[in-house]
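Please look through the structure below before reading on.

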Amino acid sequence: MKRIVGIMLLFTGFFLSAYTQTPSVELELEQGMPEFYIIHDDGNRLTINPYLNKIILIVFFDISSVTCFEELKSIERFIWPGYHENADFMLLPIGVGHTDKELNNYRKEHSIPFSLYPDEYGEILPKFTMKTALPRMYVVDKANKIVYISERYEDTGYIRLERVLARTSNAEPIYTDPLQEDDDWNSLLYKLNN
């Protein structure tokens, strides 16, 4: 009888823990950006709240990935020159599983001109997606809505990304775009993410 009660308690505990687990997150276009903060090695926190009225390009990357390196260098080449002086723009490259020290060394080694932010314990990426493949990019507009999602590195993706940034900031695109100029915003979002 004690075994039966023990087995019943074991199964009850299993089902209760499975029921109370956090549901998986997979943000989609037009959803709001989740709240998060970055913890630097010295314990200081960077909260995202002061930047919510800006266009934010969030890039999740891993310093051990060649593909992520190519992504960061493409941002440096195609996005950074046109946007780094724009007061309404923030570039937020987040090194998943890395410390400030690791990222600073990586930045110096590869001559990356913009700041890299740590997510040592990988706590930020799961607020956006449960997928772990990197790199991943999100563009968040001034209304705190996600308007662009990229789940992988593409050589030509920067033309489209730059067009989304230009449309979001009401600026002229820097690069020529393979999409038709008369595309409306909803059509553009659909094409970019399908």
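How many aromatic pairs does a search of the whole structure find? The model is a predicted one, and the search finds six aromatic pairs in it. A pair of aromatic rings is described by the distance of the centres and the angle of the planes. One of the pairs is formed by Phe 60 and Phe 128, whose ring centres are 5.2 Å apart and whose planes are at 65 degrees to each other. Planes over 60 degrees apart count as edge-to-face, so the pair of Phe 60 and Phe 128 is given that description.

Where do the two residues of this pair lie in the chain? Phe 60 belongs to strand 3, which covers residues 55–61. Phe 128 is in the loop between strand 5 (117–119) and strand 6 (136–140). The pair therefore ties together parts that are 68 residues apart in sequence. Phe 60 and Phe 128 are both buried. They also take part in a cluster, in which ring pairs link Phe 36, Phe 60, Phe 128 and Tyr 138.

The loop that holds Phe 128 also contains Pro 135. The peptide bond between Leu 134 and Pro 135 is cis, with omega at about 10 degrees. Most peptide bonds are trans, and most residues other than glycine have a negative phi.

Which value does phi take at Glu 30? Phi of Glu 30 is near 70 degrees, which is positive although the residue is not glycine. Glu 30 sits in the loop between helix 1 (2–20) and strand 1 (37–39). Its relative accessibility is 41%, so Glu 30 counts as partly exposed.

Asn 144 is another residue other than glycine with a positive phi, near 70 degrees. Asn 144 is placed in the loop between strand 6 and strand 7 (146–150).

The last stop is the surface. Which residues form a negative surface patch? The patch is made up of Asp 41, Asp 42, Glu 102 and Glu 120. Asp 42 is found in the loop between strand 1 and strand 2 (45–47). With a relative accessible area of 57%, Asp 42 is exposed, because that class takes in values over 50%.

Notes: Residues numbered from 1 in each chain as written. Predicted model: local features only at pLDDT ≥ 70, side-chain atom pairs only at ≥ 80, totals over all residues. Heavy atoms only, no water. Phe/Tyr/Trp six-rings, centres within 6.5 Å; stacked < 30°, edge-to-face > 60°. Helix = DSSP H or I, 4+ residues; strand = E, 2+ residues; numbered from the N terminus. Buried < 20%, exposed > 50% of the residue type's maximum accessible area, 1.4 Å probe, protein only. Patch = residues over 30% accessible without salt bridge, like charges linked within 9 Å, V, L, I, M, F, W, Y side chains within 5 Å. Areas by Shrake-Rupley, 256 points an atom, 1.4 Å probe, with all protein chains shown as cover. Salt bridge = Lys/Arg side-chain N within 4 Å of Asp/Glu carboxyl O. Lys, Arg positive; Asp, Glu negative; His and termini not counted. Charge placed at Lys NZ, Arg CZ, Asp CG, Glu CD.
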